[in-house]
Amino acid sequence: MAARRSGNVQTQRKGGQALCCECGNLKALPRPARASGAERNLPCEVCGQETKHATVVDASVADYREQMNQRRTRLSVPDQIALLRSWGVDVEERGAENDSRGQARIADVRWFSDPDRFEVTTYSGAEGLAETLEKIATMVTDPRGSRWFIERDEGGETCGGCSWVR
Ligand SMILES: [Zn+2]
């Protein structure tokens with residue numbers, strides 16, 4: 001009996017849930033639902049009969065799938081650099097460097113406006129470089145929709161590695 005109960009708990013954790021559309025009772029499903037909101041008829045213990053149930057997807061499972069999708073579609077660092085260059089962006093690849101606070105630099109982007117021209121510097125081996133390059137690609141494709149920090153000279157204040165030089 002005890003073994004059977006623990007088996008049920010395991011099944012419930014791996015499975016999804018379905019919400020009874022009549023009484024709102026949550027019913028455990030033996031397998032996770034593939035799509036949230038899909039409806040099917042299932043016996044409801046509370047209603048005592050077969051009722052329409054809406055499937056509920058476990059949020060942690062959905063988040064994991066989302067992460068996998070992002071990993072699958074994210075371009076590698078060399079591919080992202082090649083893409084930026086194909087857009088006419090001047091990309092300089094440097095070795096690892098620390099900023100004034102001793103933190104590893106990831107990448108910098110500078111926007112020289114009128115006419116629009118972009119300079120990107122990447123620091124090799126920096127953690128999060130692929131993610132940062134995705135942000136930079138967004139900034140380059142829509143500079144006026146992005147936030148920039150004005151840098152006036154070589155020693156000027158910069159923030160987040162993003163600067164806008166006139
Ligand atoms: Zn019910």
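Author: S3 and S4 form a hairpin with four residues between them, and Gly-48 in the turn has a positive phi of about 75°. Strands here are DSSP runs of E, at least two residues long, and helices are runs of H or I of at least four, both numbered from the N terminus. Keep in mind that this is a predicted model, where local features need pLDDT of at least 70, side-chain atom pairs count only at pLDDT 80 or more, and totals for chains, interfaces and linings use all residues. Residues are numbered from 1 along each chain as its sequence is written.

Reader: OK, and how many bridges do S3 and S4 pair over?

Author: Six, in the antiparallel sense, with S4 covering residues 49-56. Two strands count as paired if DSSP finds at least two bridges between them. Leu-42, for instance, has Thr-51 of S4 as its bridge partner.

Reader: What joins S1 to S4?

Author: Four bridges, and S1 (residues 17-20) runs antiparallel to S4. Ala-18 stands opposite Thr-55 in S4.

Reader: So what's the strand order in that open sheet?

Author: The order is S2-S1-S4-S3, four strands with antiparallel pairing. S2 (26-28) and S3 (39-44) stand at the edges with a single partner strand each, so one side of each has no neighbour in the sheet. On average, neighbouring strands are turned by 45° against each other, direction ignored.

Reader: Switching to helices. At what angle do the axes of H3 and H4 cross?

Author: Roughly 15°, and the axes come within 9 Å; H3 is residues 77-86 and H4 is 129-141. The axes are lines fitted to C-alpha atoms over the stretch in contact, with angles running from 0 to 180 degrees between N-to-C directions. H3 and H4 are therefore roughly parallel, a label for angles under 35 degrees, with over 145 roughly antiparallel, 65 to 115 roughly perpendicular and the rest oblique.

Reader: Which residues make that contact?

Author: From H3, Val-77, Gln-80, Leu-83 and Leu-84; from H4, Leu-129, Ala-130, Leu-133, Ala-137 and Val-140. Contact means C-beta atoms, placed from the backbone, within 7 Å.

Reader: And the whole chain, how much of it is buried?

Author: 13% of the 166 residues. Buried means 20 or more other C-beta atoms within 10 Å of a residue's own, exposed means 12 or fewer, and partly exposed is in between, with C-beta atoms placed from the backbone.

Reader: Last one: how many helices and strands does the chain have?

Author: Four helices and eight strands. From the N terminus they run α-β-β-β-β-α-α-β-β-β-α-β.

Technical notes
Two residues are in contact if their C-beta atoms, placed from the backbone, lie within 7 Å.
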